[in-house]
Amino acid sequence: MDQHGVAWTELKNQFFSRYATSSTLPDVFFAPGRINILGEHLDYNGGYVLPCALGLGTFLAIRRRKDKRVIMASAGYNEIFESELGHLPGKSSNYWWNYPLGVMHELHLNESDNQGVEMQFASNLPTGVGLSSSASIEVVTAFAMNKILEKALSLQELALLCRRAENDFVGVQCGIMDQYAVIFGKKDHAIFFDTKHLVHELVPVHLGDYLFLILDTNTRRQLESTAFNERYQECRAALKTMQRLLNVQEIADASPEAFEEMENWFPDESARKRARHIVFENERVKQGAAALRDGKVEELAGLMNASHESARDNYEISCFELEALIGAALASPGCLAARISGAGFGGCTLNLVNKMKADEFMQETRSRYRKATGITAMFYPVEIGSGVSMIK
Ligand code: GLA
């Protein structure tokens, strides 16, 4: 049994109870989720980000068929998708298969692909909490189909294709961070990723006496819900203002000094604050990658806390539950840093905690959070895993 042991056994049983037994076994693939250490909302503004792939993720067992049917089932849902090559439908509201279906549209699957496929998904990654369950299912689908349908797309092409599926089919104006991290992640490394030039450096994660813990507010978010796309539009408008005064292609191109000289020219306060977050967070990501490289954990913690303050005050992506959870964490033993990770508006936080105090930390944070909100927080230890792969 490997690190994927349990979920793979379940997946195999589900596949064979749903699809006909034959001498052709399915191929099995895995794509992780991700957690971001620094750099929220930088990836559609041309900046740097610092994510890691997780050990948790999405599994896919897939096999070609003799007819043109395309069938998708998932362990977590009752509804099954069935269609035919050449007649794949458009987006259907709120169904889980919109993500893999968007990928199939971007792969331009059609009748010339001849054979259909049967697919069974399973996941051990919590969905809709900011750990990139959407990128995980998109990437596992794209990677698997690229392989079994012999499309010969490069890993970078797959990342861009999955982003297009989410932008154009699902309708979320996300950046490239999640799909890229889910593809290029490496065990025990963070990905210092330049989202403008699509180049990255793998930085080993050594936290000494500390560890990362993910805490879940247990409030679910809807990325499609207007808030995310609203931030995207606000940034487009802020960029236009900046381009009248500075020679920049993207908000993150501006240096903090140049930005401070022009920031009073923004016609409205929220545009100024959104852009301020991007420009200064971009600096924090560069400093954070250096701190990680040099094993300076306290410096990294300071940057993470400053990052959260900016996400809350300038980018305004926090909410009552996130603030309650972060307040509870920072007041509990052993906590060096706590911040929103992912899009915000609910979901998860990333915490840097002293290993020796981890149990006490979890107990106290949970009880403070319950007192403040009436909700029970969930904890997930961070095991930094590798990117998408074929496992069987
Ligand atoms: C979501 C999006 C990403 C990124 C983050 C915020 O996860 O999918 O592209 O914008 O939010 O950093």
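Buried means under 20% relative accessible area, exposed means over 50%, and partly exposed is what lies in between (1.4 Å probe, protein chains only). This is a predicted model, in which local features need pLDDT of at least 70, side-chain atom pairs count only at pLDDT 80 or more, and totals for chains, interfaces and linings use all residues. Residues are numbered from 1 along each chain as its sequence is written, and side-chain values use heavy atoms, with hydrogens and water left out.

**Stop 1: G39**

Select G39. At 1% relative accessibility, G39 counts as buried. G39 sits in the loop that runs between β1 (27-36) and β2 (48-49); helices (H or I, at least four residues) and strands (E, at least two) are DSSP runs, numbered from the N terminus. Now show the contacts of G39, where contact means heavy atoms within 4.5 Å. Leaving aside residues up to four places away in sequence, G39 touches Y48, V49, E281, V285 and R339.

**Stop 2**

Colour the chain by domain: domain 1 is 3-204 + 385-390 and domain 2 is 210-381. These bounds come from an automatic or database domain assignment. The domain centres, taken over C-alpha atoms, are 26 Å apart. Across the boundary, 37 residues of domain 1 are in contact with 45 residues of domain 2.

The size of an interface is often given as the accessible area lost when the parts come together. Here buried area is the accessible area (1.4 Å probe) that two parts lose on being put together, summed over both. Domain 1 and domain 2 bury about 3,400 Å² between them, and 64% of it is on carbon and sulfur atoms. On the domain 1 side, select L38, H41 and N45: these lose the most area to domain 2, together 19% of what that side buries.

Next, turn to the polar pairs. Between domain 1 and domain 2 there are three salt bridges, a salt bridge being a side-chain nitrogen of Lys or Arg within 4 Å of a carboxyl oxygen of Asp or Glu. There are also 18 residue pairs in polar contact between the two domains (both residues at pLDDT 80 or more). A polar contact is a pair of N or O atoms within 3.5 Å; within protein, one must be able to donate a hydrogen and the other to accept it, and residues adjacent in sequence count only if both atoms are side-chain atoms. The elements giving two or more residues to the side of domain 1 that touches domain 2 are β1, β2, α4 (155-170), β7 (189-194) and β8 (199-204).

Elsewhere in the model, select D253 and K196, whose side chains meet in a salt bridge at 3.0 Å, N to O.

**Stop 3: helix α8**

Select N282, in helix α8 (residues 269-293). N282 counts as buried at 5% relative accessibility. A polar atom of its side chain lies 2.8 Å from the backbone nitrogen of Y48. N282 touches L42, G47, Y48 and A252, not counting residues up to four places away in sequence.

H277 is also placed in helix α8, and at 1% relative accessibility H277 counts as buried. The side chain of H277 makes a polar contact of 2.7 Å with the side chain of S310. Among the residues that H277 touches are E40, L42 and R284.

**Stop 4: salt bridges of α8**

The structure holds 26 salt bridges. Select E201 and R293, whose closest N and O atoms are 2.9 Å apart in a salt bridge. E201 is in strand β8 and R293 in helix α8, 92 residues apart. Both ends count as partly exposed, E201 at 31% relative accessibility and R293 at 42%.

Next, select K273 and E316, a salt bridge with its closest N and O atoms 3.5 Å apart. K273 lies in helix α8 and E316 in the loop between α9 (297-313) and α10 (320-330), so the pair ties together parts that are 43 residues apart in sequence. K273 is buried, with a relative accessible area of 18%, while E316 is partly exposed at 34%.

**Stop 5: helix α2**

Finish at helix α2 (residues 98-106): eight of its nine residues are buried, so α2 is largely enclosed by the rest of the structure. The buried residues of α2 pack against β4 (69-74), β5 (81-84), β6 (117-123), α3 (133-148) and α4. Just after α2, H108 takes a positive phi of about 55 degrees.
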